[in-house]
Amino acid sequence: MTRIIAVTGKGGTGKTAITAMLMRHLVKDDNLVLAVDADPDTNLPDALGCEIDHTLGEMREFMLNERDNFPPDSNKESVLESKVYEAINEMDDYDLLVMGRPEGPGCYCYVNNLLRGIMTRLVTNYDAVIIDTEAGLEHFSRKLIPEIDDLIVVTDGSKRGMQTGERIRQLVGELETKVKNVYVVANKVTESNRELIEQNAKDLDLRLLGAVPVDKIIEERDLKGLPLFDLPDESVAIKEINNIANDLNL
Ligand SMILES: Nc1ncnc2c1ncn2[C@@H]1O[C@H](COP(=O)(O)OP(=O)(O)OP(=O)(O)O)[C@@H](O)[C@H]1O
Ligand SMILES: [Mg+2]
């Protein structure tokens, strides 16, 4: 069974950072792991510290441009399927699929319809899949990923941030994507707002999985443009991520 984890939340809360830090746990024990960057801004490769050769966006574009040129008896789904496999960037410890940005104004419904079936099959090749999403839930309504085991809502810990968490949970209930568990992770937490965050989560009946502190090492790495995948063990964020991974049984 593949464990599918998606990380969502408002812009700038730390979705990509949390995804990169959780990857450290996912890749252990030689697990086969697929990381998906579903944000058109494509920040996950930098956070993981890797170079990518292809995006799924390029393959989608190809299908859209070429679909009328295929011989009538060709199986377009299998052509696209081989293109999706081409788009997977193979790293030493994991695979990385980058969605990229749609280039043209064209209608992608046709390609997205084909992609849905392909993605459903693709994820079964892995022990775990983790998806770094763009802010908002639009990608879920496109339903490229039919089922999610753990939806992690990252908030910045403010009351407003928590309400977004609550709103997302309501939205999830209305979506057709099946989501088994919804959790909240507060990020960039300080000593002064920690208690308030815990109280807010309680008031809203949200499952607060952890509170990741503001981390000086992450801030330094940001300045130098360094990845977050290999943060040292003394990083305060990593310590809390270890607890979170433990709670999630990763
Ligand atoms: N715990 C933390 N301590 C210090 N800095 C952090 C922490 N978590 C994230 N950051 C920094 O905050 C900034 C925003 O984080 P990140 O890019 O992960 O957010 P995001 O939610 O993915 O943003 P976007 O919505 O743009 O995709 C980054 O510079 C990141 O390194
Ligand atoms: Mg991001």
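**Salt bridges, a bent helix and a ligand site**

Glutamate 86 and lysine 83 sit three residues apart in helix H4, which is about one turn of the helix. In this predicted model, their side chains meet in a salt bridge, with 3.6 Å from N to O. Lysine 83 is buried, at a relative accessible area of 15%, while glutamate 86 counts as partly exposed at 40%.

The structure holds ten salt bridges. Side chains of opposite charge can pair when their charged atoms come close. In one such pair, aspartate 150 meets arginine 3 at 2.6 Å, N to O. Aspartate 150 belongs to strand S6 and arginine 3 to strand S1, so this pair ties together parts that are 147 residues apart in sequence. Aspartate 150 is buried, with 1% relative accessibility, and arginine 3 is partly exposed, with 24%.

Another salt bridge joins arginine 121 and glutamate 77, whose closest N and O atoms are 3.1 Å apart. This pair links helix H5 to helix H4, across 44 residues. Helix H5 itself runs from residue 109 to 123 and reaches 21 Å from its first C-alpha to its last. A bend of about 25° occurs in H5 at leucine 115, and leucine 115 is also among the buried residues of this helix, as are Val111 and Ile118.

Turning to the ligand, 18 residues surround ligand 1, and the closest include Lys15, Thr16 and Asp222. A nitrogen atom of ligand 1 lies 2.9 Å from a polar backbone atom of proline 213, and an oxygen atom of ligand 1 is 3.2 Å from an N or O atom in the side chain of aspartate 39. The protein covers 80% of the 630 Å² of accessible area that ligand 1 has on its own.

Key: Residues numbered from 1 in each chain as written. Chains lettered and ligands numbered in written order. Predicted model: local features only at pLDDT ≥ 70, side-chain atom pairs only at ≥ 80, totals over all residues. Heavy atoms only, no water. Helix = DSSP H or I, 4+ residues; strand = E, 2+ residues; numbered from the N terminus. Expected span 1.5 Å × (residues − 1). Bend = angle between axes of the 7 residues up to and from the residue. Buried < 20%, exposed > 50% of the residue type's maximum accessible area, 1.4 Å probe, protein only. Near = heavy atom within 4 Å. Polar contact = N/O pair within 3.5 Å; in protein donor to acceptor, adjacent residues only side chain to side chain. Areas by Shrake-Rupley, 256 points an atom, 1.4 Å probe, with all protein chains shown as cover. Salt bridge = Lys/Arg side-chain N within 4 Å of Asp/Glu carboxyl O.
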